[in-house]
Amino acid sequence: MKKNEEEYSIIVNHVNKTFKIYMDKANSLKEKVLFWKRNRKEIREVLRDINLTIHKGEAVALIGVNGSGKSTLLKLMTKIIYPNSGTIETNGKLTSLLELGAGFHPDFSGRENIYFNASIFGLTKKQIDERLDQIIEFSELGSYIDNPVRTYSSGMYMRLAFAVAINVDAEILLVDEILAVGDQHFQEKCIAKMKELKSQGKTMVFVTHSMNTVKEFCTRAVWLCNGKIKMDGTPDEVIEEYLKETL
């Protein structure tokens, strides 16, 4: 990082990402011999020369139509996947909510999964013990907390995952459309909690299709289109241009 690195949470520098898409891929040796033409593959460019600096304390929304590269960029930031070229630097402890139930074991209870999930984020058993009650209380799962998570609905998964993620003392929170799951009451509770975290100087980056949420919550919006940043600015300015093109 360059000087004044303490001002930055995430720096994305000339990032490119491609995926190999196989067409009718042969799965066995016999199929490879008999149907050799099946192994055709296509190189799909998902992100092209992405440059983005996110400052500490910013709440940034990544917007764009499906397939524009938003979720891929978020996964690169959390280092679930890596770019083909370019670099991503993060400055601070990071937590993410990218997929429902990621890190949960379906056969263990919600309570047990709190310990598993929170330990992935770096908490000790003692720290988890101290926060267990408030995690369960925030999740509103009640007696369901001792049921196997495979019996949970998608809304219950979201409640548990969010309750854990906001209690691990992270400085950067990455969220991918997870707030679209669940009832209105809990969505509003999550937004209120995220506003509280933002007021504490936490950095947040999230993917959403809710323009109202972007306007209400974010300090900045980044519009991705065909794998490139088309516009980066205030939520009102970016949303106005985005809606002109997509509606």
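Me: Before we look at helix packing, what are the axes, and between which directions do the angles run?

Reply: Axes are lines fitted to C-alpha atoms, for helices over the stretch in contact. Angles run from 0 to 180 degrees between N-to-C directions. Now the case here, in a predicted model. Helix α5 (residues 154–165) and helix α6 (residues 184–199) pack at an angle of about 15°. Their axes are 11 Å apart.

Me: How do I read that angle: roughly parallel or roughly antiparallel?

Reply: Angles under 35 degrees count as roughly parallel. So α5 is roughly parallel to α6. The crossing of α5 past α6 is left-handed.

Me: Which residues of α5 and α6 make the contact?

Reply: From α5 come Met158, Arg159 and Phe162. From α6 come Phe186, Cys190, Lys193 and Met194. Sorted by type, the residues of this α5–α6 contact are five nonpolar, two charged and no polar.

Me: Now the interior. What do nonpolar side chains tend to do?

Reply: In soluble globular proteins, they tend to be buried together. In this model, the largest nonpolar core has 47 residues. Ile63, Ile114, Tyr152, Leu160 and Phe162 touch the most other members. Helix α5 gives the most to this core: nine residues.

Me: Which residues does Ile63 contact, leaving aside neighbours within four places in sequence?

Reply: Ile63 is in contact with Lys70, Thr208, Met211, Val214, Val222, Trp223, Leu224, Val238, Ile239 and Tyr242. There is also a second, separate core, of 22 residues. Leu47, Leu73, Leu98 and Leu174 are among its members.

Me: What about the whole chain: how many helices and strands are there?

Reply: The protein chain has eight helices and nine strands. It has 247 residues, and 43% of them count as buried. Take the contacts with a separation of 6 or more: 68% of them join residues 24 or more positions apart.

Me: Where do Asp49 and Lys79 lie?

Reply: Asp49 is in strand β2 (residues 41–55). Lys79 is in the loop between α2 (70–77) and β4 (85–90).

Methods
Residues are numbered from 1 along each chain as its sequence is written. This is a predicted model: local features need pLDDT of at least 70, side-chain atom pairs count only at pLDDT 80 or more; totals for chains, interfaces and linings use all residues. Side-chain values use heavy atoms; hydrogens and water are left out. A nonpolar core is a set of buried Ala, Val, Leu, Ile, Met, Phe, Trp, Tyr and Cys residues joined through side-chain atoms within 4.5 Å. Buried means under 20% relative accessible area, exposed over 50%, partly exposed in between (1.4 Å probe, protein chains only). Helices (H or I, at least four residues) and strands (E, at least two) are DSSP runs, numbered from the N terminus. Contact means heavy atoms within 4.5 Å. Angles under 35 degrees count as roughly parallel, over 145 as roughly antiparallel, 65 to 115 as roughly perpendicular and the rest as oblique. A crossing is left-handed if the near helix is turned anticlockwise from the far one by less than a right angle, and right-handed if clockwise. Ala, Val, Leu, Ile, Met, Phe, Trp, Tyr, Cys and Pro count as nonpolar, Asp, Glu, Lys and Arg as charged, and the others, Gly among them, as polar.
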